[in-house]
Amino acid sequence: QVQLVESGGGLVQAGGSLRLSCAASGRTFSSYAAGWFRQAPEKGREFVAAISRGGTYKSYVDSVKGRFTISRDNAKNTVYLQMNSLKPEDTAVYYCAEGQYSGSPAAYIYWGQGTQVTVSS
C-alpha cells in the first residue's frame, strides 16, 4: 500500500512560482511511475505531467511545457512539480498519483488528497 501526501500549494500572483512536493510512504515508490493531475472547479481531472520510475522519461500537457518541470528523488520517496511563470488558468487542485507511465488517470493506482494552487491576476 502506498500513501501520497502533497504539499507546497498556495496563493501566488501571476508570473510567480511554486514547488509542489508529493511524499510517498511504503517501500515500493520506485516501482511506479508518477504523475501530476489538476482539477479546476466544474472541470474534469486534467493530466499535467508524468515521470517514469527511474526519471528518464517525462511528459507534459502542452499548456505547461516550458513552465513546469516534474522530477523525483527515489531516495526520498518524493516527486516534485516545479511551476514557474504561473497563470490564472493554472488555478486548480493539484493531485499526485502513482501507477503506470501515462497521461490517463485510469493508469494510476494511488492518489494523494490534493493541494490547492491559486494564481491571482
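**A loop residue and its surroundings**

Mentor: Serine 85 is found in the loop between strand 8 and strand 9, where strands (E, at least two residues) and helices (H or I, at least four) are DSSP runs numbered from the N terminus. This is a predicted model, in which local features need pLDDT of at least 70, side-chain atom pairs count only at pLDDT 80 or more, and totals for chains, interfaces and linings use all residues. Residues are numbered from 1 along each chain as its sequence is written, and side-chain values use heavy atoms, with hydrogens and water left out.

The backbone of serine 85 deserves attention: its phi is near 50°, a positive value in a residue other than glycine. With a relative accessible area of 41%, serine 85 is partly exposed; buried means under 20%, exposed over 50%, and partly exposed in between, for a 1.4 Å probe and protein chains only. Glutamate 42, also not a glycine, has a positive phi of about 65°. Glutamate 42 lies in the loop between strand 4 and strand 5, and its relative accessible area of 87% makes it exposed.

Which residue is in contact with Ser85? Arginine 67 is, and its contacts also include Gln82, Met83, Asn84, Leu86, Lys87 and Asp90, leaving aside its neighbours within four places in sequence; contact means heavy atoms within 4.5 Å. Arginine 67 belongs to the loop between strand 6 (58–60) and strand 7. Its relative accessible area is 11%, so arginine 67 counts as buried.

Strand 8 (residues 78–83) includes threonine 78. Threonine 78 is buried at a relative accessible area of 9%, and its side chain reaches the backbone oxygen of lysine 76 at 2.8 Å. Not counting residues up to four places away in sequence, threonine 78 touches Ser21, Cys22, Ala23, Phe29, Arg72 and Asp73.

Cysteine 22 and cysteine 96 form it, their sulfur atoms 1.9 Å apart, the criterion being a pair of cysteine sulfur atoms within 2.5 Å. The link joins distant parts of the chain, since cysteine 22 is in strand 3 and cysteine 96 in strand 9 (residues 92–99), 74 residues apart. The S-S torsion is about 50°, so the disulfide is right-handed. Cysteine 22 is buried at 1% relative accessibility, as is cysteine 96 at 0%.

Strand 9 in turn runs antiparallel to strand 4, joined by seven bridges, and glutamine 39 stands opposite valine 93. Six of the seven residues of strand 4 (residues 33–39) are buried, so this strand is largely enclosed by the rest of the structure. Five bridges join strand 4 to the antiparallel strand 5 (residues 46–51), with tryptophan 36 opposite alanine 49. Strands 4 and 5 form a hairpin with six residues between them, and glutamate 42 sits in that turn.

Finally, Trp36, Leu81, Met83 and Tyr94 touch the most other members of the largest nonpolar core, which has 36 residues. Such a core is a set of buried Ala, Val, Leu, Ile, Met, Phe, Trp, Tyr and Cys residues joined through side-chain atoms within 4.5 Å. Strands 3, 4, 8 and 9 are among those that each supply at least two residues of this core, while strand 5 gives the most, with five.

Technical notes. Two strands pair if DSSP finds at least two bridges between them. A polar contact is a pair of N or O atoms within 3.5 Å; within protein, one must be able to donate a hydrogen and the other to accept it, and residues adjacent in sequence count only if both atoms are side-chain atoms.
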